[in-house]
Amino acid sequence: MKRISHWIDGRVVESTSGNAAPVFDPATGEQTGAVDLASVDEVDAAVATARAAAVEWRATPLSRRAEVMFRLRELFDANRKEIASIVSAEHGKVVSDAMGEVARGLENIEFACGIPQLMKGEYSEQAAGGIDVYSIRQPLGVVAGITPFNFPAMVPVWMFANALACGNTFVLKPSEKDPSVSLYLAELLAQAGLPSGCFNVVQGDKAAVDRLLEHPDIAAVSFVGSTPIAKYIYETGTSNGKRVQALGGAKNHMLVLGDADLDMAADAAVSAGYGSAGERCMAISVVLAADAIADELVGKIAERIPSIKVGPGDEPDNEMGPLITAEHRDRVRGYVDGAPGEGATVVVDGREGVADANGGQGFFLNPTLLDNVSTDMACYRDEIFGPVLSVVRVGGYQDGIETINANQFANGTAIFTRDGGAARQFQFDVHVGMVGLNVPIPVPVSYYSFGGWKASLFGDTHMYGPEGINFYTRGKVVTSRWPDPATSRVDLGFPETR
Ligand code: NAD
């Protein structure tokens, strides 16, 4: 059985903690590996390595740091399929979906290739007589990333591409449920020419996370995961004096108005509701259907569901894979079990006919559609994070917007309408961080930033893009006076940067 260990100072390091957790193939239910769980000493060793490496890395010229990112971009691009298949084997998502994750991660690396431009400061000549004032941005030092199971390649890249390009060194604590791809990413970074010690991986659980949160040499923590843990990370990290951005869970609503193209809306609801088995923080989990079109829309969603191909992620025809663990599958099923008792209608029951991989041992649940859901039901209140789409019927725009704005989560949302005025009003009114106008999964491109509002994000800074650069740097303003700069020499060589 495969053993998945740490990556410290440029090489794989096996844990001596004696603690490990099982890693499964969710399509078969079989254990395929065991991931080491770091001790406090092992976390300390990774941080010490990162701290030592930070001295030279922050002094490395911008052009050289950009060069490493360009090389990483080439390696990432050349190995898309390999990355996607490692992700699929432990996460369960179909390889075509994992390829999408890799493609979006690649965009974040491409953004970081522009680091010389991104870290430019400002300059004011003659702010006072003979005095110039300018601003610079400098890296923080050692930063940590703590990441969820659902995007085991893309979310770490959201963090480390910008963090490293800015001149920080990095300690990643990946999800213990699908940890292997973190080591593959570490190898690619080493091949790209990143010096040893600049990027480290500690596999682990709460004990490793807690050590990172209290370690005096960690300057900042980026977290993506569920809301209760995000809140804990934010509160603990900031109380230890760290800069923290902690992205939490979601309950993303799609408001479908009476004038919408219902076939387009149904396609979008099915794609965004069941893609990756609903295990996306930007998945649509609630369709708010205007009363006038609700019956027709529910019919169109229901008729599309039987053609979704559910099965193991490595079979090319499949469109949806299993859930991450048996416990999570059972938890998601529990919401479907409880829904009729609360007054909801099970229109399509995903508990029936689940894919029979390995004699039914895989963690599958088929796409499920609930109608007549109301906002007091458990299936509405909680983040389900599975292939369960809930339809809540609303009077129209006003009712819909009030429902969305009353929800504790505020990651993504979408409106489907042909009315440009209504769409613009929605963009103005809605209290959510990422908004789609006839776009169901509005994940920002890498040169914008990603983040929700309310219980979907703790902290002030969204992730990646320009806000990512701000998060991983701090500003300094220099006021200068040079009475007589009389030093000069002759040098006929063409000026080089390195
Ligand atoms: P999770 O919160 O269980 O775990 C995330 C990370 O925190 C993992 O590395 C895990 O080891 C660690 N962790 C778990 N329990 C901990 C504890 N008690 N103390 C300290 N650390 C702990 O999340 P998950 O199940 O891996 O991922 C799914 C969740 O992530 C969903 O809620 C989803 O909405 C959310 N998510 C959010 C975004 C976003 O951008 N807002 C993106 C992806 C996923």
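**Close-ups of the ligand site**

**View 1. Who's in the shell around the ligand?** Sort the shell by class and you get 14 nonpolar, eight polar and four charged residues. Keep in mind that this is a predicted model. Altogether, 26 residues surround the ligand. If you want to find the closest ones, look for K173, E176, S226, G248 and E383.

View 2. Zoom in on T147, and you'll find a backbone N or O atom 2.8 Å from an oxygen atom of the ligand. At F149, a polar backbone atom is 3.0 Å from a ligand oxygen. As for cover, the ligand on its own has 840 Å² of accessible area, and the protein covers 88% of that.

View 3. The ligand takes up the space of the largest pocket. Now, why does the ligand lie between two domains? Domain 1 (2–248 + 456–478) and domain 2 (252–437) both give residues to the shell, so the ligand lies between them.

Key: Residues are numbered from 1 along each chain as its sequence is written. This is a predicted model: local features need pLDDT of at least 70, side-chain atom pairs count only at pLDDT 80 or more; totals for chains, interfaces and linings use all residues. Side-chain values use heavy atoms; hydrogens and water are left out. A residue is near a molecule or strand if one of its heavy atoms lies within 4 Å of it. A polar contact is a pair of N or O atoms within 3.5 Å; within protein, one must be able to donate a hydrogen and the other to accept it, and residues adjacent in sequence count only if both atoms are side-chain atoms. Accessible areas come from the Shrake-Rupley method with a 1.4 Å probe; for residues, only the protein chains shown count as cover. On a 1 Å grid over the protein atoms alone, a cavity is a set of points where a 1.4 Å probe fits but cannot get out, and a pocket is an open set with protein on both sides within 12 Å along at least five of seven lines; lining residues have an atom within 4 Å of a point. A molecule sits in a cavity or pocket if more than half of its atoms lie within 2 Å of its grid points. Ala, Val, Leu, Ile, Met, Phe, Trp, Tyr, Cys and Pro count as nonpolar, Asp, Glu, Lys and Arg as charged, and the others, Gly among them, as polar. Domain bounds come from an automatic or database domain assignment.
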